[in-house]
Amino acid sequence: MAVRIRLRVRSKTTGRELEVIALVNSGFETVKPQLLVPTRVAELLGLWPSMPSGYSVREYMTAGGPVRNYVIPDELEVSVVIERPTNPVLSDLVISPIEDEILISDKLAGRLGVIVYDFGEGIWRLNTDPDEVRRRSEERQIWA
């Protein structure tokens, strides 16, 4: 098990919005909030294969070695989908040609207010939840 949460992501460029499941990946260390998505998700947002100006190609280190991804800075408004509205967080969009799951970076998880109690059991809450609240992980969503 891992911690996966339901998100609403909205492209600032196209205005398109999706509800998705994303993996909280504490090993995805970034300088600012980033959401890594497979190309299929970027396509549904209207940002692949034609990307807006200002994108860059960056090399990311993974367990399998370096990978080149496409980064659109400050492209997404990301919020957690729970029983009440949460404030959106501005995030870079990282488009991966090889990943099949959406990944939340450490900085994005922090800005969203995600508190993980047990990665093995998939138990988490938001920092705005009452202390006794414990949420369960969502099922894995594959974008193949």
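Me: Leaving aside its neighbours within four places in sequence, with which residues is Thr-30 in contact?

Reply: The model is a predicted one. Thr-30 is found in the loop between strand E2 (17-24) and strand E3 (34-38). Once neighbours within four places in sequence are set aside, the residues in contact with Thr-30 are Ser-105, Asp-106 and Lys-107.

Me: Is Thr-30 buried or exposed, and what is its relative accessible area?

Reply: The cut-off for a buried residue is a relative accessible area under 20%. Thr-30 falls under that cut-off and is therefore buried. Its relative accessible area is 11%.

Me: With which residue does Lys-32 form a salt bridge, and why does the pair tie together parts that are apart in sequence?

Reply: The closest N and O atoms of the Lys-32 salt bridge are 3.0 Å apart. Lys-32 lies in the loop between E2 and E3 and its partner in strand E5, so the pair ties together parts that are 42 residues apart in sequence.

Me: Where do Glu-43 and Arg-40 both lie?

Reply: The side chains of Glu-43 and Arg-40 meet in a salt bridge of 3.6 Å, N to O. Glu-43 is partly exposed at 38% relative accessibility, and Arg-40 is partly exposed at 35%. The two residues are 3 apart, about one turn of the helix, and the element that holds both is helix H1 (residues 39-44).

Me: How far apart are the closest N and O atoms in the salt bridge of Lys-107 with Asp-106?

Reply: Both residues are contacts of Thr-30. Lys-107 is partly exposed, with a relative accessible area of 35%, and Asp-106 is partly exposed at 25%. A salt bridge requires a nitrogen within 4 Å of a carboxyl oxygen. For Lys-107 and Asp-106 the separation is 3.9 Å.

Me: In what sense do strand E1 and E2 pair, and over how many bridges?

Reply: Strand E1 covers residues 4-11, and Ile-5 stands opposite Ala-22 in E2. E1 and E2 form a hairpin with 5 residues between them, and Gly-15 in the turn has a positive phi of about 80°. The pairing is antiparallel, over 7 bridges.

Me: Which residue in E5 is the bridge partner of Arg-10?

Reply: E1 also pairs with strand E5 (residues 65-80), in the antiparallel sense over 5 bridges. In E5, the bridge partner of Arg-10 is Glu-77.

Me: Which residues touch the most other members of the largest nonpolar core?

Reply: Nonpolar side chains tend to be buried together in soluble globular proteins. The largest nonpolar core has 32 residues. Beyond its neighbours within four places in sequence, Ile-5 is in contact with residues including Val-20, Val-80, Ile-104 and Trp-124. The core members that touch the most others are Ile-5, Leu-7, Leu-35 and Ile-104.

Me: Which residues are linked in a network of salt bridges?

Reply: A search of the whole structure finds 16 salt bridges. Glu-138, a contact of Ile-5, takes part in the network. The linked residues are Arg-6, Arg-8, Glu-17, Glu-19 and Glu-138.

Notes:
Residues numbered from 1 in each chain as written. Predicted model: local features only at pLDDT ≥ 70, side-chain atom pairs only at ≥ 80, totals over all residues. Heavy atoms only, no water. Helix = DSSP H or I, 4+ residues; strand = E, 2+ residues; numbered from the N terminus. Buried < 20%, exposed > 50% of the residue type's maximum accessible area, 1.4 Å probe, protein only. Contact = heavy atoms within 4.5 Å. Pairing = 2+ DSSP bridges. Core = buried A, V, L, I, M, F, W, Y, C linked by side-chain atoms within 4.5 Å.
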